[in-house]
Amino acid sequence: MSSMTTFPTLSSLNNVLYFQAALGVLANIFLLVFYTFIILFHRPKPMDLISCQLTFIHTMLLLTGGVVWVTDIFESLNIDNDIKCKATFYITRVMRGLSICITCLLSVFQAVTISPSTSFLANFKLKLKKYIIHGFFYIWSLTLSFNSNLIIYVGGFTNVSETNQMKVTKSCSLFPTNYIIRVLVLTVTTSRDVFLVAVMLTTSAYMVIILFRHQRQCQHLHSLSRPRSSPEKKATQTILLLVTFFVVMYWVDFIISSTAVLLWMYDPVILSVQKFVMNVYPTITPLVQISSDNRIINMLKNIRSKYHQIL
């Protein structure tokens, strides 16, 4: 791709990234404030705790994942470029790992919640609610340690051609490593992600079966369908939608990043496309959650009615 074509395309993609990040950050911060209020002043459900974690993770992912925000801020600070790059990439990868883990936990928890009392999963309902905080601790601990290798392989770009660095931003790069080590790290990461995605797809399929059976029972018992769906059904449909978004966007991101690492080549336009794909899920998730949570909808309706009364 010629430089004459690359620069306008790259500039347009960066503008899209800024808009996407701004929309996602605002939606996630709104949702984070809402869940924090629920946790502090009401009796939160376990699902609220999981959603609050996911919202915080997505806020951090959007602020650091695109690097466009953090790089601009860090450039004005008197901090060594190597430290800035290591911190930014480490936080990004940790948040990405936490996103897939917490999304998986969200899917598993909802599958257990809606499972019939006669099913095997029903035995875990009380245990999941009781040990949810322990689960958060183990997920965070394992993810923080799992991505610690990035501290070694990422640093500031030194502009020395013979080091064969792979430049991924204007000031950060991946240092060259043995091909076998790259394949090994990629294999371990892929194994973890494939396992979690498989769990999400399995629980999603289970939830679809449960919803289908529930719908057939309702049609059998009532000649007319119910005017409103149950909260459990609505929550399950929301999670199924989120899981679908995540799986599709994750694998597109994975194909781009793994190919770039194995071939040791990153085109600036491809990197921007990858950032956009990576940020789709954390941007869409809060919008879906806001539009499907009756508590938020009722709160916004009350605010709107009070605003009209004042006017």
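This is a predicted model: local features need pLDDT of at least 70, side-chain atom pairs count only at pLDDT 80 or more; totals for chains, interfaces and linings use all residues.
Local features were considered only at pLDDT of at least 70 and side-chain atom pairs only at pLDDT 80 or more, whereas totals for chains, interfaces and linings use all residues. Residues are numbered from 1 along each chain as its sequence is written, and side-chain values use heavy atoms, with hydrogens and water left out.

The chain contains 11 helices and 3 strands, both taken as DSSP runs numbered from the N terminus (helices: H or I, at least four residues; strands: E, at least two). Read from the N terminus, the order of elements is α-α-α-α-α-α-α-β-β-β-α-α-α-α. Contacts were defined by heavy atoms within 4.5 Å. Among the contacts with a separation of 6 or more, 78% involve residues 24 or more positions apart.

The accessible surface of the chain amounts to about 17700 Å², and carbon and sulfur atoms contribute 69% of this area. Areas were computed by the Shrake-Rupley method with a 1.4 Å probe; for residues, only the protein chains shown count as cover. Of the 311 residues, 43% are buried, where buried denotes under 20% relative accessible area, exposed over 50%, and partly exposed the range in between (1.4 Å probe, protein chains only).

Side chains of opposite charge can pair when their charged atoms come close. The structure holds 4 salt bridges, a salt bridge being a side-chain nitrogen of Lys or Arg within 4 Å of a carboxyl oxygen of Asp or Glu. One of them pairs Arg-295 with Asp-48, with 2.8 Å between the closest N and O atoms. Because Arg-295 belongs to helix 11 (residues 294-310) and Asp-48 to helix 2 (residues 46-65), this pair ties together parts that are 247 residues apart in sequence. Arg-295 is partly exposed, at 31% relative accessibility, while Asp-48 is buried, at 3% relative accessible area.

A salt bridge is also formed by the side chains of Asp-253 and Arg-96, with an N to O distance of 2.8 Å. Asp-253 lies in helix 9 (residues 231-263) and Arg-96 in helix 4 (residues 81-114), so that the pair links distant parts of the chain, 157 residues apart. Both Asp-253 and Arg-96 are buried.

The side chains of Asp-193 and Arg-192 likewise form a salt bridge, at 2.8 Å from N to O. Asp-193 is buried, with a relative accessible area of 1%, and Arg-192 is buried, with a value of 19%. Elsewhere, salt bridges with shared partners join Asp-48, Asp-293 and Arg-295 into one network.
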